[in-house]
Amino acid sequence: MKSPLAMILVTLALTGATGCNKKAQAPATVWYELSGTDGNLTGLTVIIGSERKTFAKDAYGATTIKASATLPATGPSVLPTLAVELPTPCGTKTIALSTKETAAEEESQRKSEGHSVYLKVTPSSPIPRAVDIWIDSTGDVALGSLTLKQGQNRVYELECQPSLELRSGGNVLGPLPKVDGSATKAVFVTTKDQCYVYRGVSYSKDPSAASSAGTILKGKHVYELDENVDHFLTPAPSATRGESYRMELVPVACP
């Protein structure tokens, strides 16, 4: 039988060995967080290594956008793959994101004892102007090589072709409006035999700031909108906190 002192020494040796092994092990995965102040990145898909995430507004306001992903701690640097994807009628365009860190510095962070890497990113070239195209149908609506979904579709570089048509099920809904001027803020596309009202809703204590009667949309499939949409297919709320003005586009009975 071993003496109490010998047992203590064996226990200490085993504990020390286990502790050393733990300290020597690099983390299996690292949590990446990207942040930036270019609001034009909001909503875009960002490629972080092998992951695809979406840039979203910071919880504290619109001044910062963030995206995060968990990636293996070993392997090549992910900096060469940091980029955002822009949907255009002529295909997906990629714009690289740059950081102040070099690939070697990022790799050093990744392989250190820490489990997180924080990178501030900026687009390597300006994000081009986008136009929101709102679709009322769950069926496929195509614009060039793009398939648009129901709801809001933010599309970039609409001028990539001299002329573009919106199609559904092989049928032409209409030409895409010229949206390079400042008057057009969005486009509404309907595939249904349905009337809609497009109007501003005011939340103000000032009686003169009344909600607009709106414009009835009927008889066409494609409409230019001079203001973007805040509430689509669902009416704006009856009241909000504070004063504001919102645009709604909702179905109505045809007059």
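Is Glu165 buried, exposed or partly exposed? Glu165 is partly exposed, at a relative accessible area of 38%; buried stands for under 20% relative accessible area, exposed for over 50%, and partly exposed for the range in between (1.4 Å probe, protein chains only).

The views below show a predicted model, in which local features need pLDDT of at least 70 and side-chain atom pairs count only at pLDDT 80 or more, while totals for chains, interfaces and linings use all residues. Residues are numbered from 1 along each chain as its sequence is written, and side-chain values use heavy atoms, with hydrogens and water left out.

**View 1. Salt bridge between Arg167 and Glu165.** The closest N and O atoms of Arg167 and Glu165 are 3.0 Å apart. A salt bridge here is a side-chain nitrogen of Lys or Arg within 4 Å of a carboxyl oxygen of Asp or Glu. By this rule the count is 7 salt bridges. Arg167 is partly exposed, with 37% relative accessibility.

**View 2. Salt bridge between Arg52 and Glu85.** The closest N and O atoms of this pair lie 2.8 Å apart. Arg52 belongs to strand β3 (residues 51-54) and Glu85 to strand β6, so the bridge links distant parts of the chain, 33 residues apart. Strands (E, at least two residues) and helices (H or I, at least four) are DSSP runs, numbered from the N terminus. Arg52 is exposed, with a relative accessible area of 52%, whereas Glu85 counts as buried at 18%.

**View 3. Salt-bridge network of Glu33, Asp58 and Lys66.** Asp58 is buried, with a relative accessible area of 14%, and Lys66 is partly exposed at 32%.

**View 4. The largest nonpolar core, with 25 residues.** A nonpolar core is a set of buried Ala, Val, Leu, Ile, Met, Phe, Trp, Tyr and Cys residues joined through side-chain atoms within 4.5 Å. Phe55 and Val84 have the most contacts inside this core. Two or more residues each come from β1 (29-36), β2 (45-48), β5 (61-72), β6 (83-88), β7 (91-99) and β8 (116-123). The largest share, 4 residues, is given by β5. Leaving aside neighbours within four places in sequence, Phe55 is in contact (heavy atoms within 4.5 Å) with residues including Leu34, Val46, Ile65, Val84, Leu97 and Val121. A second, separate core has 16 residues, among them Ile135, Val155, Val189 and Val222.

**View 5. An open sheet of 4 strands in the order β17-β16-β20-β19.** The pairing in this sheet is mixed; two strands pair if DSSP finds at least two bridges between them. At the edges stand β17 (215-217) and β19 (231-232), each with a single partner strand, so one side of each has no neighbour in the sheet. Strand β16 (residues 195-203) pairs with β20 in the antiparallel sense over 9 bridges. Val197 has Val250, in β20, as its bridge partner.

View 6. Cys254 is partly exposed, with a relative accessible area of 46%. Not counting residues up to four places away in sequence, Cys254 touches Gln194 and Cys195. Asp193 and Cys254 are 61 residues apart in sequence, and their C-alpha atoms are 9.8 Å apart in space.
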